[in-house]
Amino acid sequence: TNSARDTLLQTYVRRGHPLEARPYLERVLAYDLEQARNNETPPLELAAALRKYSDNLNFVGKHAEAELASRECLEIYEGESPNAWERFAAQAILGQSLSGQEKHAEAEPLLLAGYEGLHQHRAKISAEHATLVEDTIRRLIVLYEGTKHPKQMQEWQRLMAAIQEAKTKAAELKAQAKEAVEADDVKRALSLYEQAAALPGQMIDLERDIILADLYARTFQFEKLRSILDKPENRIGEWKKGYFYYLIGDREAYLKQRKKILSAVQPPDKDPEMYLWAAVQVTSLEPVEPDLQEAMNWIVEKHSKNPARWMRFLTAFGQYRCGTLKSWYESLPTESEQRQFMEYFFALTKYQENPSSENRKIVLNLLARREQIALSRIKDGVLQGQSWYWLNFIDDVALANEARRLLKLPMITASELQGRSE
């Protein structure tokens, strides 16, 4: 199986014998390529198989075979996806295969074009292929060494040294940034991560982006947060994306994300444990559309039975959205902490049943208190609260807006609250 063979290859590498893995890898990649051809695989998937196969052939010195495979690979990318980073990686691999056969005049323009394309697209290259730019520089160094061009060789060697130095510096900065995050020093952590990202030669770093998304959210830098959310390859959790879209005020994106989350837990096909309490909380930020109500009812009912006190706290908003909060509230002991926590929701429910001036006054007072709580979470332009606790601010905004919706008052945004705090 794929997992078994990957485990075997990883074992070779972990034990310090990566070269011993290459012949086995060649057979594996040849098999993958054969399967891709036999199964009429889509062109780009076939190109990916050819790219991996030809790259490995170059590594073991089979440059003539690598040339044939990489030419086919490049032809597919040029026709199907000419601006993708994979096209430039294919150019570099073909250039290396030609250089290995001493066809230097043909190899040089391909390697240079491959480097330029990979350098320009480095922000889109996944961590799995993070060494592509450096690999291409090494190929150019070998080329100019073989053609007796010491000046060009030294220029590329200097560039390689600068990239290596930047990688070392970036690792140091990220280590310091992680310490700052652990100490909840948000502004310092953000500065350090941004310094690391700005260093030359930096590739996409999806783990760093997850942390940066939190830091941008906590400092109300919504355009930068959006730039991370817009990356197709981002690894931010689905429930947290929902929170972020709500925070930045993109209602359309929030509703789309909520539908994605609730559609994933439609009974009886899926289990909601993948989202735990977060699915209930983030999908409750606005009234639920009728076609999603069944999924919401199901997941709320499941979590409301959880014996953990904190779980029942966090499902209160979901109970409210499902119209079941009143009966649940009245079933709790009078002095229960849970009941006190749900006072806000109960007041909203009572106002919907009876929009009297007295009930309106109660909701207005609770609204003012809720917005004050939200404001208290902002200090020096930063949302306070380590781990996930700062997300309570988003819940506060949603709670305030639910009261405003019922009272027919203008909605409030996170940015407006942040402006009030200054």
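This is a predicted model: local features need pLDDT of at least 70, side-chain atom pairs count only at pLDDT 80 or more; totals for chains, interfaces and linings use all residues.
Local features are taken at pLDDT of at least 70 and side-chain atom pairs at pLDDT 80 or more, while totals for chains, interfaces and linings use all residues. Numbering runs from 1 along each chain as its sequence is written, and side-chain values use heavy atoms, with hydrogens and water left out.

The protein has 23 helices and 2 strands (DSSP runs, H or I of at least four residues for helices and E of at least two for strands, numbered from the N terminus). Of its 422 residues, 47% count as buried, that is, under 20% relative accessible area with a 1.4 Å probe, protein chains only. The exposed surface comes to about 21,800 Å², with 51% supplied by carbon and sulfur atoms (Shrake-Rupley, 1.4 Å probe). As for contacts (heavy atoms within 4.5 Å), 59% of those between residues at least 6 apart in sequence join residues at least 24 apart.

On to the rings. Aromatic pairs (Phe, Tyr and six-membered Trp ring centres within 6.5 Å; edge-to-face if the planes are over 60 degrees apart) number 10. Trp 239 and Tyr 243 make an edge-to-face one, at 5.9 Å centre to centre and 80° between the planes. Both sit in helix α12 (residues 238-248), 4 residues apart, or about one turn.

Tyr 344 and Phe 345 are also edge-to-face, at 6.4 Å and 80°, and both are buried. Together with Phe 317 and Tyr 320 they form one aromatic cluster. Arg 370 lies over the face of Tyr 344, 5.3 Å from the ring centre (the rule being CZ of Arg, or NZ of Lys, within 6 Å of the centre and within 35 degrees of the ring normal).

Note on methods: Buried means under 20% relative accessible area, exposed over 50%, partly exposed in between (1.4 Å probe, protein chains only). Rings of Phe, Tyr and Trp (its six-membered ring) pair if their centres lie within 6.5 Å; planes under 30 degrees apart count as stacked, over 60 as edge-to-face and the rest as tilted.
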